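The sequence and the three-dimensional model are shown first, and a short account follows.

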Amino acid sequence: MSSIEIYTDGACRGNPGPGGWGALLIAGDTVKELSGAEAQTTNNRMELMGAIMALGALKRGVSARLHTDSKYVCTGISEWLPGWKARGWRTAAREPVKNQDLWERLDAENQRHDITWLWVKGHSGNAGNERCDALANAAIDALLYGAQR
């Protein structure tokens with residue numbers, strides 16, 4: 001398995017509202033940027049989409065470190081997911097898991113790879129995180145205003 005650094009981020013203007021996600025994949029000297037947007041979504045859904053799309057872009061199984069500023073994503077995949085699955089996609093309070101559709105997709109992508117999930121503080125000068133934030137916001141702009149990315 002090859003080693004890759006991945007950064008992901010999600011953004012939303014209003015929550016819910018128009019949202020975007022960005023991902024940065026770095027393998028040696030090769031850098032790939034991905035982004036997308038949805039007209040009506042939530043910040044958590046966009047955070048999940050960034051990770052899903054980044055992992056989905058990998059053609060084969062890899063060893064990677066995925067950096068996200070979302071404690072929801074980082075804690076969800078690392079701690080909450082096994083319990084949710086064991087309880088039939090219910091929280092510890094027996095409520096339905098929010099964003100189950102995306103958690104199932106992320107779980108499937110995560111199982112294809114050897115991922116180390118790392119939380120980084122958002123908007124604190126981390127170059128990878130800042131680039132993903134810019135990609136996510138550019139995707140929202142393109143959706144709303146037809147801006148070129």
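Leaving aside its neighbours within four places in sequence, with which residues is tryptophan 103 in contact?

## Tryptophan 103 and its surroundings

The structure is a predicted model. In this model, tryptophan 103 is in contact with Leu48, Tyr72, Val73, Gly76, Ile77, Trp84, Trp89, Val97 and Lys98, once neighbours within four places in sequence are left aside. Trp103 also belongs to the largest nonpolar core, where it is among the residues with the most contacts.

## The largest nonpolar core

The largest nonpolar core contains 31 residues. Those with the most contacts inside this core are Ile6, Leu48, Leu55, Trp103, Leu106 and Trp117. At least two core residues come from each of the strands β1 (2-12), β2 (17-27), β4 (62-68) and β5 (114-119), and likewise from each of the helices α1 (43-56), α2 (71-86) and α3 (100-111). The largest share, seven residues, is supplied by α1. In soluble globular proteins, nonpolar side chains tend to be buried together.

Leucine 106, one of the residues with the most contacts in the core, lies in helix α3. Is this residue buried or exposed? Leucine 106 is buried, because its relative accessible area is 0%, under the 20% limit for a buried residue. Not counting residues up to four places away in sequence, leucine 106 touches Leu48, Ala51, Ile52, Leu55, Val73, Ile77 and Trp117.

## Helix α1

Helix α1 has 14 residues. From its first C-alpha to its last, α1 reaches 20 Å, close to the 20 Å expected at 1.5 Å a residue. Its buried residues are Met46, Glu47, Leu48, Met49, Gly50, Ala51, Ile52, Ala54 and Leu55. Two of these, Leu48 and Leu55, are also among the residues with the most contacts in the largest nonpolar core.

## The largest pocket

How much space lies in the largest pocket? The volume is about 230 Å³. Twelve residues line this pocket, and the closest to its centre are Ile4, Leu25, Ala27, Ala57 and Leu58. The elements β1, β2 and β3 (30-41) each give two or more residues to the lining. Strand β2 gives the most, with three residues. By class, the lining has seven nonpolar, two polar and three charged residues.

Isoleucine 140 is found in helix α4, which covers residues 127-145. Isoleucine 140 is buried, with a relative accessible area of 0%. Beyond residues up to four places away in sequence, isoleucine 140 touches Ala11, Cys12, Arg13, Pro18, Gly19, Gly20 and Ala37. Isoleucine 140 and tryptophan 117 are 23 residues apart along the chain, and their C-alpha atoms are separated by 26 Å.

Glutamine 40 is part of strand β3. Why does glutamine 40 count as exposed? Its relative accessible area is 57%, and exposed means over 50%. Leaving aside neighbours within four places in sequence, glutamine 40 is in contact with Pro16 and Gly17. Between the C-alpha atoms of glutamine 40 and aspartate 114, which are 74 residues apart along the chain, the separation is 32 Å.

## Backbone features in two loops

Most residues other than glycine have a negative phi, and most peptide bonds are trans. Where does this model depart from that pattern? A cis peptide bond joins asparagine 15 and proline 16, with omega at about 15 degrees. Proline 16 lies in the loop between β1 and β2, and it is one of the contacts of glutamine 40.

Tryptophan 89, although not a glycine, has a positive phi of about 65 degrees. Arginine 94 likewise has a positive phi of about 65 degrees without being a glycine. Tryptophan 89 is placed in the loop between α2 and α3, and arginine 94 lies in the loop between α2 and α3 as well. Tryptophan 89 is buried, with a relative accessible area of 13%, whereas arginine 94 is exposed, with a relative accessible area of 52%. Tryptophan 89 is also one of the contacts of tryptophan 103.

Notes
Residues are numbered from 1 along each chain as its sequence is written. This is a predicted model: local features need pLDDT of at least 70, side-chain atom pairs count only at pLDDT 80 or more; totals for chains, interfaces and linings use all residues. Side-chain values use heavy atoms; hydrogens and water are left out. A nonpolar core is a set of buried Ala, Val, Leu, Ile, Met, Phe, Trp, Tyr and Cys residues joined through side-chain atoms within 4.5 Å. Buried means under 20% relative accessible area, exposed over 50%, partly exposed in between (1.4 Å probe, protein chains only). Helices (H or I, at least four residues) and strands (E, at least two) are DSSP runs, numbered from the N terminus. Contact means heavy atoms within 4.5 Å. On a 1 Å grid over the protein atoms alone, a cavity is a set of points where a 1.4 Å probe fits but cannot get out, and a pocket is an open set with protein on both sides within 12 Å along at least five of seven lines; lining residues have an atom within 4 Å of a point. Grid points are joined across faces, edges and corners, and a volume is the space filled by probe spheres set on the points. Ala, Val, Leu, Ile, Met, Phe, Trp, Tyr, Cys and Pro count as nonpolar, Asp, Glu, Lys and Arg as charged, and the others, Gly among them, as polar. The expected span of a helix is 1.5 Å times one less than its number of residues.
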